[in-house]
Number of protein chains: 2
Amino acid sequence: MTEKPPREGKRPTIADVARAAGVAPAIVSRALSPSRRPVSLEKKERVLKAAAELGYHQNPLARGLATKSIDLVAVIINYLSDLSDLDLFDPLLDAIQSLGKQAILIRVGRTKRIDDFLRNSLSYHVHAALVFSDFADAGEVRALFHSDNVLMLNGRFDAESARIRIDEQSGIDELVRHARGRGVGSAVLVTGRVSSLVEEARIAAYRSACAAAGVRLLSEVGGDYSYGSGVKAAAVIAVAMPEAVFCTSDSMAMGVMDGLARAGRRPPADYLLYGFDAVDKGNFAAYDISSVGFDRSALVAGILAYLGAPEEFPAAGLDIPTRFIARGTG
Amino acid sequence: MTEKPPREGKRPTIADVARAAGVAPAIVSRALSPSRRPVSLEKKERVLKAAAELGYHQNPLARGLATKSIDLVAVIINYLSDLSDLDLFDPLLDAIQSLGKQAILIRVGRTKRIDDFLRNSLSYHVHAALVFSDFADAGEVRALFHSDNVLMLNGRFDAESARIRIDEQSGIDELVRHARGRGVGSAVLVTGRVSSLVEEARIAAYRSACAAAGVRLLSEVGGDYSYGSGVKAAAVIAVAMPEAVFCTSDSMAMGVMDGLARAGRRPPADYLLYGFDAVDKGNFAAYDISSVGFDRSALVAGILAYLGAPEEFPAAGLDIPTRFIARGTG
DNA sequence: CTGAAAGCGCTAACAC
DNA sequence: GTGTTAGCGCTTTCAG
């Protein structure tokens, strides 16, 4: 790292490199461009040498202003709080960076005013936006971003938007059939934040799967995806013990398990327990919870494909299938 | 949202607003600036009205180029994988955004070439960088960033760098004394990635605490902070069962607990088990692990103070004390 | 208080 | 293949 700006205190610019290499600034721009642009080999080498000696680094602000594009991907989430987030976002960050882009993580929390986060922010100019948060539909997001490269992963897509959908119905059907096969006639469903479209669809999937399999849904208990809310739900469930408990997150299932253990009820002996997400990072021996999962690397690969060539992404979107994953509790 | 750019397909610029309001571009710039700059109230109102009608949004790239600053905070981490990361980064993101800034998350993984991620990237021009990853020391990071606002949170600081240090020794001393008080004479230490400076210091703290308290450290078993590595470590530990097991992460402690349970050994009856981090999100009933923790909101508050006014940050850095948190296993 | 003009550092278009 | 020129959209002197 031979840092040696020509003018003290200022970083070298393309003009400095041009001067040092004895060429025009435009030549430097071309020589340093990743795509092959017309420059003689000899000059290119001179430029590269001069740039290295000066410790030159391109100013992405200036480039972004000139090209109207920037290698930044906005990742819009509600929270970073669930165990399953670790499984997903760590490899996702890696994937984004492998493309030479960087991720700007926007956590909208429970506000509905997503544009407050974007007003005058860089986010307007990102290469692409990955929308996991359900607090925005496709139209809103498109209006918010300068970029049209918006990938909806929250279920709130429309005909114009690129999307990846996790097909939860398939895995849920399988799960409920499995429970039925083990003699379950009635069950309780513990839900997450019901205002979410994804959660709404998930709940509907459980209802239809239960109806189809002949499992009676005794009640639905509201939670917030968290372990603590599962523990709370257990208090309600314990009153009229069902044969099975379906939870729309693994964390809640863990909570239910511990909550019901206080009442001396343990799966799978006393009831069958099912989670959702099939998290790796939370697959502890003490909570060996049967669940519904999908291939996360397939999701990341899909996102990667989108980021690499948004225009070639299938117009119909991508569907990632889910499947039932049998573990110890059901 | 009254979007109505004057020229089709292009976002309105400051010039468009100026034209609509019948003033000069400079006036618009001043009127829209957050800091109070000389503009007559009447024109300011005209500008604000015109901007709203046109759906004008400032272009941060252009502003950044002109002002050489941008409201972006780089957060540099190794991985996003531990349970404790959820406890920290969710509130941290919230805090950064509350300042009107956005976070760009840089995951360096196990590469040592951190600058590969930064080369020609926006990161060079961030308002500040928060360095959690230990793959860079203070000097390297300062050289990498255009900004001098680098906050070291990885222990690798020098006299010039702002820093927040988690004082782990205090909590570890307390923990070991606690174990000694319960009759522990010998113990095994399960460590994380030892190439990390923080981990190195943590290990040293355990050694000195054990020496001081009169606890014999039988051996040190290498892990990688993860649950799985804890399970593996248990196989080694089971051979010569110690009176206590100290782990440098809660996740590993959970793994050790499950691994030793296979051999029929359970804490606290058969041995005492201690973790590190005192994660909230992973504080499950089945893993009620005694641990060392610190006030995460104090850390976030410290970071917030730094971001708000880096130059006023105490030159001596900030120390966050840790304390022993007694739970069920020790 | 106002506005013209000069950049910030880079790329794209156009001549040569 | 090369160099010149003209912006990208904004802020900031600096006269008025």
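Mentor: Start with a definition: buried means under 20% relative accessible area, exposed means over 50%, and partly exposed lies in between. Keep in mind that the model is predicted.

Take B:D137 first. At 27% relative accessibility, B:D137 falls between those limits, so this residue counts as partly exposed. The side chain of B:D137 meets that of B:R156 in a salt bridge, at 3.9 Å from N to O. This pair links distant parts of the chain, 19 residues apart. B:D137 sits in the loop between β3 and α7 of chain B, and B:R156 in the loop between β4 (150–152) and β5 (162–167). B:R156 is partly exposed too, at 24%.

Next comes B:R193, which forms a salt bridge with B:D134; their closest N and O atoms are 3.4 Å apart. Here 59 residues separate the partners. B:R193 lies in the loop between β6 (186–191) and α9 (197–213) of chain B, while B:D134 lies in the loop between β3 (128–131) and α7 (138–144). B:D134 is buried at 5%, whereas B:R193 is partly exposed at 24%.

Now a pair within one helix. B:E42 and B:R46 form a salt bridge, with 2.4 Å between the closest N and O atoms. They are four residues apart in helix α3 (residues 41–54) of chain B, so about one helical turn separates them. B:E42 is partly exposed at 46%. B:R46 is partly exposed at 32%.

Finally, look across chains. A:D90, A:D94 and B:R107 are linked in a network of salt bridges. Over all chains, the count comes to 24 salt bridges.

Key:
Residues numbered from 1 in each chain as written. Chains lettered and ligands numbered in written order. Predicted model: local features only at pLDDT ≥ 70, side-chain atom pairs only at ≥ 80, totals over all residues. Heavy atoms only, no water. Salt bridge = Lys/Arg side-chain N within 4 Å of Asp/Glu carboxyl O. Helix = DSSP H or I, 4+ residues; strand = E, 2+ residues; numbered from the N terminus. Buried < 20%, exposed > 50% of the residue type's maximum accessible area, 1.4 Å probe, protein only.
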